[in-house]
Amino acid sequence: MHLLSVEHITKSYGEKMLFEDVTFGVEEGDKIGIIGVNGTGKSTFLKVIAGFEPADSGSISIGNRVVVRMLAQDPTFAPGETALEHVLGGDSPQLRAVREYAASLEALELKPSDESLQERLIKANQKMDELDAWTLESEAKTALGRLGIQNFNDKVETFSGGQRKRVAMAAALLQPSDILILDEPTNHIDNESVAWLESMLQKRRGALLMITHDRYFLDRVSNRVIELDKGRAFFYEANYSRFLELKVEREEREAASEDKRQNLLRNELAWIRRGAKARSTKQKARIDRFEALKAQAPKQSGGKMDVSVASTRLGKKIVEIESVSKRFGDRTLIRDFSYIAVPEDRVGIVGRNGEGKSTLLKLIADKLKPDEGKIELGMTVKLGWFSQEHEEMDESLRVIEYIREGAEQVKTADGTTISAGQMLERFLFEPAMQWSIIGKLSGGEKRRLQLLRVLMNAPNVLLLDEPTNDLDIATLSVLEDYLDDFPGVVFVVSHDRYFLDRTVDKIFAFEGDGVITQHVGNYTEYQEYVERYGVTTDSAGSVKPAQAAAKPTAEPSAAADGGSKPSGERLRMSYKDQKDYEQIDGWIEKAESQLTAVTEKMNNAGSDSALLQQLVEEQQQLESKLEELMDRWAELNELAEKIAAQKK
């Protein structure tokens, strides 16, 4: 079902072109991710589609009964409104019925003998039955709870910015819409909430348009990608993983085309310089061709960031945390925690919102004092603090003034020295933009500027508090590369599973009641461990399997021979296992060949969206089949190795 058409829309701010001549359609079931470097106009793009901002030109057509709902980055609330009231405050018939029933019940409790109120409650009850609205309040509380809001009847105006965003998200998910538009939905929610939101959106029937930096989230939820780059929009019928492949192919085609254009341009330029006179029709045609070739120059892409900033030498003693506890009121956030940092530590800090993750970083940075225990930093430690907020930025300053406050010049990793302005250019702040007031930058541009200021001070211990909030994917990728070569120590609080998997090799997990467990490995390995064994801690806070958790067995799964093996019985393959083992390599090869053929068809499908959608579905089925075959291959080979070991 076709829901929305965007026809040739263009939007600019002053001399800056955000997007130009963009045309596309939205169908039911589309889950579209919007990506691009900070400042390219992603949020404005969504606001224009939602009707909150006008386009400079072009049109947007929405179906007669199509409901569009947008969750903005800064949602608004009615004065005195509670969290539950906001979530149930939509204008659908079901939500109106719920509010009427609640009001009728409240009025009757005050005047139980009032016959008119009794009649009102009966009608409200009938309406609830008619619309099957009885579960809505329960669903609203469930959504709030899963997003970390437990105090349903507290006024929203008393909540933090992150909590308000989560209340607004619960409302957006519960209130019916045909097109849901989300701007950075994973900001300010913890890993458990991100996983729940991911599953909710995967099951959603209507269309979805969203901006997100969370690459796992984008990969698992989206089936289309729109990339905004220097005023242009590029469309991909793919999730994030496939988008990366298609983007590389597109850029390679554009590079080949540009090489060809440059060669033609050089030939024409040589002819012009030989003294051509525009007298004959043929000569004039050559000159016109030269001018046309010059005009075909491609628009510059978003550019490449460079974060090759030097760091200060680090001594043997780095960060030593000894029996630290921290309480706020009667609530213990950190209980008897100890840790000694070692060179090149990469520590990810995870847990639910409000459990004390940022507090731990503030204790290390000496922005808070522990109630018990102590934290000592080595003499050579130079901290770099990248906070969640822009609290350390004077937004009345110009961009270059803010950077010059840190340093007029900076030494890069290769030992060269460059100016603050040159460093800003490496961070995609063009010379004209360097004289902009910070307050006029987008949220993502402010975060990128703050990151540059932190790194320019050449830290050797980095404290990163939710670094992925508001940073675009391109900047995150460069930051990840920087951390690969960073010789110091990194502590990072993050809910971004991809970023944690990419950058850390140790996890501190806040398990509640002040307990912090320690786990070796990245975030996915930590999650697999918890799901398999459960978690308890020993007296030192190290992770160990929970007593009730099932321990792994050295025996193969029941699928290997149709049942469990008695103790002491030799392993063997069943008839089915043996047949599968003989044929599995051929099956995998066939599936890979089919997947390659479908990929080639997709590359040749051009703008045939119907064919592309069919091929995308076929591709997803083949990828799923291949994954199952690879799992079976691994299972059979493991069994074969164990059987072979018995014979030795």
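Me: Hi! How do helix 5 and helix 6 lie to each other: oblique or roughly parallel?
Reply: Hi! In this predicted model, helix 5 and helix 6 are oblique to each other. Their axes cross at roughly 140°, and angles count as roughly antiparallel over 145 degrees.

Me: Okay, and within what distance do the axes of helix 5 and helix 6 come?
Reply: They come within 9 Å. Helix 5 covers residues 136-146 and helix 6 covers residues 161-174.

Me: Is the crossing of helix 5 and helix 6 left-handed or right-handed?
Reply: The crossing of these two helices is right-handed.

Me: Which residues make the contact?
Reply: From helix 5 there are Leu136, Glu139, Ala140, Ala143 and Leu144. Helix 6 brings Val167, Ala170 and Leu174.

Me: And how many of them are nonpolar, polar or charged?
Reply: The contact of helix 5 with helix 6 has 7 nonpolar residues, 1 charged residue and no polar ones.

Me: New topic. How many salt bridges are in the whole structure?
Reply: A search through the whole structure turns up 31 salt bridges.

Me: Let's pick one. What does Asp30 form a salt bridge with?
Reply: Its partner is Arg224, and the closest N and O atoms are 2.8 Å apart.

Me: Where do Asp30 and Arg224 sit in the chain?
Reply: Asp30 is in the loop between strand 2 (16-27) and strand 3 (31-35), while Arg224 is in strand 8 (residues 224-229). The pair therefore ties together parts that are 194 residues apart in sequence.

Me: Is Asp30 buried or exposed? And what about Arg224, buried or exposed?
Reply: Asp30 has 7% relative accessibility, so it counts as buried. Arg224 is buried too, with a relative accessible area of 9%.

Me: What about Arg120, which side chain does it meet in a salt bridge?
Reply: Arg120 meets Glu100, at 2.8 Å from N to O. Arg120 belongs to helix 4 (residues 115-131) and Glu100 to helix 3 (residues 93-110), so to speak of sequence, they are 20 residues apart.

Me: How accessible are Arg120 and Glu100?
Reply: Arg120 is partly exposed at a relative accessible area of 32%, and Glu100 is partly exposed at 30%.

Me: Which residues are linked in a network of salt bridges?
Reply: Arg215, Glu480, Asp481, Asp484 and Arg502 are linked in a network of that kind.

Me: Last bit, the whole chain. How many helices and strands are there?
Reply: The chain has 19 helices and 22 strands.

Me: And what share of the residues is buried?
Reply: Of the 648 residues in the chain, 46% are buried. Also, among contacts with a separation of 6 or more, 66% are between residues 24 or more positions apart.

Technical notes: Residues numbered from 1 in each chain as written. Predicted model: local features only at pLDDT ≥ 70, side-chain atom pairs only at ≥ 80, totals over all residues. Heavy atoms only, no water. Axes fitted to C-alpha atoms, helices over the stretch in contact; angles between N-to-C directions. Helix = DSSP H or I, 4+ residues; strand = E, 2+ residues; numbered from the N terminus. Parallel < 35°, antiparallel > 145°, perpendicular 65-115°, else oblique. Left-handed = near helix turned anticlockwise from the far one by under 90°. Contact = heavy atoms within 4.5 Å. Nonpolar A, V, L, I, M, F, W, Y, C, P; charged D, E, K, R; others polar. Salt bridge = Lys/Arg side-chain N within 4 Å of Asp/Glu carboxyl O. Buried < 20%, exposed > 50% of the residue type's maximum accessible area, 1.4 Å probe, protein only.
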